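Please look over the chain shown here.

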Amino acid sequence: MKAQLVSTNGDVKSVKPKNNKTFSLKELQSYVDGYIQILKTRDERIMIINEEGKLNNLPYNEIASSLYIYGVQDPVVGNVLVMDKQMIN
């Protein structure tokens, strides 16, 4: 199982947990560079974002915003990790 790291510059990279099953909290925090928040995507996956991204003025993430169920009203900022729900503990 793999997840996609979606960068603010438009790059999308496949990543997988160190144990090949589920991501640890520490791993998730390292991908988004801070505390995490979990959002739902339009296609029933989840998106891990930096909880303080807007407070820290992180750059707009166009791809992640288009995937987020409320992305039109609430844009997503910073790098995000998109994955199936069962990939987190």
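The model is predicted.

**Strands around β4**

Start with β4, which spans residues 46–50. Is this strand mostly covered or mostly open? It is mostly covered, with five of its five residues buried. In general, side chains in a regular strand alternate between the two faces of the sheet. In β4, Ile46, Ile48 and Asn50 lie on one side. Met47 and Ile49 lie on the other, and both faces are covered.

β4 has pairing partners. With β3 it runs antiparallel over five bridges. Leu39 sits opposite Met47 of β4 there. β3 covers residues 36–40. The two strands make a hairpin, and five residues separate them.

β4 also pairs with β5, again in the antiparallel sense, over three bridges. Here Ile48 stands opposite Leu81 of β5. The β5 strand covers residues 80–83.

**The nonpolar cores**

Nonpolar side chains in soluble globular proteins tend to be buried together. In this model the largest nonpolar core holds twelve residues. They are Ala3, Leu5, Val15, Phe23, Leu28, Val32, Ile36, Ile46, Ile48, Leu81, Met83 and Met87. Which elements give two or more residues to this core? They are β1 (3–6), α1 (25–32), β4 and β5.

Leaving aside residues within four places in sequence, Met83 touches Ala3, Phe23, Leu28, Arg45, Ile46, Ile48 and Ile88.

Another core lies apart from the largest one. It has nine residues, including Val6, Leu39, Ala64 and Tyr68.

Most residues other than glycine have a negative phi.

| Residue | Phi | Relative accessible area |
|---|---|---|
| Glu44 | about 70 degrees | 53% |
| Asn57 | near 55 degrees | 68% |

Glu44 is in the loop between β3 and β4, in the turn of the hairpin. Asn57 is found in the loop between β4 and α2. Are these residues buried or exposed? Glu44 counts as exposed because its relative accessible area is 53%, over the 50% cut-off. Asn57 is exposed too, because its value of 68% is also over 50%.

**Salt bridges**

Side chains of opposite charge can pair when their charged atoms come close. How many salt bridges does the model contain? The count is two.

One joins the side chains of Asp43 and Arg45, with N to O at 3.0 Å. Asp43 is partly exposed because its relative accessibility is 42%, between the 20% and 50% limits.

The other joins Asp74 and Lys54, whose closest N and O atoms are 2.1 Å apart. This pair links distant parts of the chain, 20 residues apart. Asp74 is in the loop between α2 (62–67) and β5. Lys54 is in the loop between β4 and α2. Asp74 has 30% relative accessibility and counts as partly exposed. Lys54, at 45%, is partly exposed as well.

Notes:
Residues numbered from 1 in each chain as written. Predicted model: local features only at pLDDT ≥ 70, side-chain atom pairs only at ≥ 80, totals over all residues. Heavy atoms only, no water. Salt bridge = Lys/Arg side-chain N within 4 Å of Asp/Glu carboxyl O. Buried < 20%, exposed > 50% of the residue type's maximum accessible area, 1.4 Å probe, protein only. Helix = DSSP H or I, 4+ residues; strand = E, 2+ residues; numbered from the N terminus. Core = buried A, V, L, I, M, F, W, Y, C linked by side-chain atoms within 4.5 Å. Contact = heavy atoms within 4.5 Å. Pairing = 2+ DSSP bridges.
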